[in-house]
Amino acid sequence: MKAFRLDELEAERAANDGAYLQFLHERNMSVGLYALDAGRSDPQTPHRQDEVYFVVSGRASITVGEETTTVARGSVVYVPAGVPHKFHHIAEDLRVMVVFSPPES
């Protein structure tokens, strides 16, 4: 079993001065913590993997392809591989759990 604490992951991510911390990498999936502070822009480009976002905290909008929705704590968003997507209008610091399948390399 592997178990993680969100506060420890957030501290590790912040200590490494990065917006993204991959903390689990397995044969069929990888999981990371993505952070975007209020007012920041999301530099993402499309990924080769399917991904699922689970919003841990914060408020923003996300556009996936041609569709836009508002997200907040508890929101779950699926993004198919290769589809352009970005968080925007980040009103509160955003912390998002990201699951990639197959794993991000």
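A salt bridge here is a side-chain nitrogen of Lys or Arg within 4 Å of a carboxyl oxygen of Asp or Glu. By this rule the count comes to seven. The model is predicted: local features need pLDDT of at least 70, side-chain atom pairs count only at pLDDT 80 or more, and totals for chains, interfaces and linings use all residues. Residues are numbered from 1 along each chain as its sequence is written, and side-chain values use heavy atoms, with hydrogens and water left out.

Start with the network. Salt bridges link Glu-10, Arg-13, Asp-37 and Arg-95. Within it, Arg-13 meets Glu-10 at 2.6 Å, N to O. Both residues sit in helix α1 (residues 6–15), three residues apart, about one turn of the helix. Helices (H or I, at least four residues) and strands (E, at least two) are DSSP runs, numbered from the N terminus.

Glu-10 also pairs with Arg-95, at 3.1 Å, N to O. Arg-95 belongs to strand β6 and Glu-10 to helix α1, so this pair ties together parts that are 85 residues apart in sequence.

How accessible are these side chains? Buried means under 20% relative accessible area, exposed over 50%, and partly exposed in between (1.4 Å probe, protein chains only). Arg-13 is buried at 10%. Arg-95 is buried too, at 14%. Glu-10 is partly exposed at 22%.

Another bridge joins Glu-92 to Arg-59, with the closest N and O atoms 3.0 Å apart. It links strand β6, which holds Glu-92, to strand β3, which holds Arg-59, 33 residues apart. Both ends are partly exposed: Glu-92 at 39%, Arg-59 at 40%.

Now the packing. In soluble globular proteins, nonpolar side chains tend to be buried together. A nonpolar core is a set of buried Ala, Val, Leu, Ile, Met, Phe, Trp, Tyr and Cys residues joined through side-chain atoms within 4.5 Å. The largest one has 16 residues. Those with the most contacts inside it are Tyr-53, Ile-62, Val-71, Val-77, Phe-87, Leu-94 and Val-96. Two or more residues come from each of β2 (30–36), β3 (50–64), β5 (76–79) and β6 (85–101). Strand β6 gives the most, with six residues.

Take Val-71 as a way in. Contact means heavy atoms within 4.5 Å. Neighbours within four places in sequence aside, Val-71 is in contact with Val-55, Gly-58, Arg-59, Ala-60, Ile-62, Val-77 and Phe-87. A second, separate core has eight residues, including Leu-9, Phe-23, Val-31 and Val-56.
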